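Please open the structure in a viewer and keep the selection tool at hand.

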Amino acid sequence: RPMPPMPPGILQGMRRSIQFKTFGKDSINLHFDKDYFLIEDTCSSIIRYGHYNFQQRRFIGTFRDLNKFDPQIILAEGTYSADGKLDGPFVLRYLTDTVQAKGTFKNGTMQGPWEFFYNNGKPQLTFHADGTKIIIENEWNEAGKKIIDNGNGKYKVDHGTITWEGD
């Protein structure tokens with residue numbers, strides 16, 4: 001992640017180091033910030049406990065991402081296939097332990113019903129994915145007003161590099 005411009009000499013002599021803690025042949029701990037960028041452990045909010053194939057450079061098997069400040073909070077959990085693709089049930093939570101999203105992956109793509117929630121726990125979006133397309137079923141604004149009902153309505157969301165739009 002690029003750093004903002006700094007006055008000349010401010011970083012002189014400063015060393016940053018991102019460490020991977022490995023256990024056994026493939027177990028690993030990685031540290032992320034709240035946006036899932038790799039970061040040094042002293043600045044992290046999230047710790048991933050999982051398995052990593054170093055030769056093929058991919059995650060494999062089950063993983064859990066924990067809130068560094070409250071390890072009882074599981075922020076994400078799922079499974080990677082031997083090919084390093086998400087496969088099976090997946091749950092993502094906010095740092096507060098509120099469910100953010102849940103659904104299923106198959107061979108690295110979203111499959112079947114998915115649900116997204118606001119940080120307050122209220123529903124935000126439901127859709128159905130089949131690997132090639134996503135059909136929005138229901139959407140609510142932050143005030144709880146339903147904008148799309150059973151697939152009827154106009155939908156647009158812009159996430160910067162990704163825009164979803166349609167009727």
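Predicted model: local features only at pLDDT ≥ 70, side-chain atom pairs only at ≥ 80, totals over all residues.

How many bridges join E8 to strand E9 (residues 123-130)? Seven bridges link E8 and E9, and the two strands run antiparallel.

**Stop 1: the hairpin of E8 and E9**

Within this pairing, select Phe-116, which stands opposite Leu-125 in E9. Then move to the turn: five residues lie between the two strands of this hairpin. Among the turn residues is Gly-121, whose phi is positive, at about 90 degrees.

**Stop 2**

Next, select residues 99-106, which make up strand E7, and residues 109-117, which make up strand E8. Five bridges pair these strands in the antiparallel sense. Thr-104 can be picked out opposite Gln-111 in E8. This hairpin has two residues between its strands, and Asn-107 adopts a positive phi near 55 degrees.

**Stop 3: the aromatic cluster**

Phe-116, already seen opposite Leu-125, also belongs to an aromatic cluster. Select it together with Tyr-52, Phe-54, Phe-59, Phe-63, Tyr-80, Phe-90, Phe-105, Trp-114 and Phe-127 to display this one cluster. The structure as a whole holds 12 aromatic pairs.

One of these pairs consists of Phe-59 and Tyr-80, and it is stacked, with 5.3 Å from centre to centre and 25 degrees between the planes. Phe-59 belongs to strand E4 (residues 58-67) and Tyr-80 to strand E5 (residues 70-80), so the pair ties together parts that are 21 residues apart in sequence.

Are these two residues buried or exposed? Phe-59 has a relative accessible area of 17% and is buried, because the limit for that class is under 20%. Tyr-80 also counts as buried, at 13% relative accessibility.

**Stop 4: a charge over two rings**

The charged end of Arg-48 sits over the ring of Phe-59, 4.8 Å from the ring centre. Arg-48 also lies over the face of Phe-63, where the distance to the ring centre is 4.3 Å.

**Stop 5: the second largest pocket**

Finally, select Lys-34, Asp-35, Tyr-36, Ile-46, Leu-75, Leu-92, Arg-93, Tyr-94, Leu-95 and Gln-100, which line the second largest pocket. Colouring the lining by class shows six nonpolar, one polar and three charged residues.

Methods:
Residues numbered from 1 in each chain as written. Heavy atoms only, no water. Phe/Tyr/Trp six-rings, centres within 6.5 Å; stacked < 30°, edge-to-face > 60°. Helix = DSSP H or I, 4+ residues; strand = E, 2+ residues; numbered from the N terminus. Buried < 20%, exposed > 50% of the residue type's maximum accessible area, 1.4 Å probe, protein only. Lys NZ or Arg CZ within 6 Å of the ring centre and 35° of its normal. 1 Å grid on protein atoms, 1.4 Å probe; cavity = no way out; pocket = protein on both sides within 12 Å on 5 of 7 lines; lining within 4 Å. Nonpolar A, V, L, I, M, F, W, Y, C, P; charged D, E, K, R; others polar. Pairing = 2+ DSSP bridges.
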